[in-house]
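Hi everyone, thanks for coming.

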Amino acid sequence: MRPKIARFGGALAVGMALTLGLAACSGGGSETPGGGATTGGGEAAPTTVKIGFMGDLTGSNAGIVIPPRNGAKLAIDQYNATNPKVKIEMVEYDSQADATKAVGLAQQAIKTDKIVALIGPAFSGESAQVAPVLEEAKIPSVSASATNAALAQNGWKYWHRVLPNDAVQGPGIADFIAGAAAAKNVFVIDDKSEYGKPLADAVRAQLKAKGVTVTDDSLDPAESDFSSVVNKVAAGKPDAIFFGGYYAAAGPLLKQLRDKGVKDAKFFSGDGSLDKGLVEGAGAANAEGALVGCPCYVATPDVTDEKVKKFATDYKAAYSADPAIYATEGFDAATVFIEAIKAGKVTAEDINTFISTVDFAGVSKQVKFEANGEVVAKDIYMYQIKGGNITLLGKASEAKLG
């Protein structure tokens, strides 16, 4: 996922400026990350290390960041409850989806808080600018939700994500639209963002490769009246509609489409819309039957896997809520670092080296990384709104319409 951010060029310049002087803050210097004694030269290992979590915790897209934050905290709390030799303190950094702010927070995390690792950043825009800062400081990161495909093409050695990217998500959703949904005429809309447009473009390309007729358009999510796009969709009479963007715009768009009389076209979106905010924005009646693809495995009440069911039970006990989008991925991202620390790796560089050997059955998937930081598992899942709730249909390659 990647929300709207400040113009990339200016924000990147700020990010690059802030990286100056960070080479000495690599987690292997004179102070042990987490505030304890150094492990170099035979000195005692720390009793606590700090791991950061970065994402939009209070902004307009917080609904898809709080669940992975909660999942990560649950994993760390459960680990600490075993009274290990080295405990973990999770330090939260609220970027509010502002990439420039995220860079400043990354500098604070490295230089002041002395984290040994970071879970996140949550979104792709902030990831693109924070990752170079972490890279120079040699601090490993694992994102539970950033999906832009280009992130893996920078040659970063300390960056990882625990979910498939949009180059996998887009075609997976498109195959479902053309296959299980049997759509022949699809109207594809994007929100012009660095998340929504690449995802929509991936859907467009795959639909065209399948012989589907595709009509393109865009909207500005900051507006409230989408009538220009809605009128075009109504005139085109498509079998299906795909929206690349976030639930804050997807809900009102869907409502306006249904109010305009576009009743029969199936409505699809990607992971940025997998939130009950979609239902709230569209209205339960309008949202009924809407379909959302995601490279995430949500522990919905209908899952049967025992490990996932236990996670859901533990999550609800901790937060008085059912786990939502990327909660399992947040848990697994934290578990990557927990496994490293359990193995005695307490410095940033040792943790990063350990990550290359990780291979365990997580809650969301088998967690193993490719050399470029991508997770090996590539499953995309389809979800459908039924009775106002998000329900799991299954893997996009296998799922059938309900």
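So, strand S1, residues 48-55: seven of its eight residues are buried, so the strand is largely enclosed by the rest of the structure. Buried here means under 20% relative accessible area, with exposed over 50% and partly exposed in between, using a 1.4 Å probe and protein chains only. Strands (E, at least two residues) and helices (H or I, at least four) are DSSP runs, numbered from the N terminus.

Before going on: this is a predicted model, where local features need pLDDT of at least 70, side-chain atom pairs count only at pLDDT 80 or more, and totals for chains, interfaces and linings use all residues. Residues are numbered from 1 along each chain as its sequence is written, and side-chain values use heavy atoms, leaving out hydrogens and water.

Who sits beside S1? Strand S2, residues 87-94, pairs with S1 in the parallel sense over eight bridges; pairing takes at least two bridges found by DSSP. Val-49 has Ile-88 in S2 as its bridge partner. S1 also pairs with strand S3, residues 117-119, in the parallel sense over three bridges, and there Gly-52 stands opposite Leu-118.

Now helix H8, residues 247-259. Its 13 residues reach 18 Å from first C-alpha to last, close to the 18 Å expected at 1.5 Å a residue; that expected span is 1.5 Å times one less than the number of residues. Among its buried residues are Tyr-247, Leu-253 and Arg-258. Just after H8, Gly-261 takes a positive phi of about 105 degrees.
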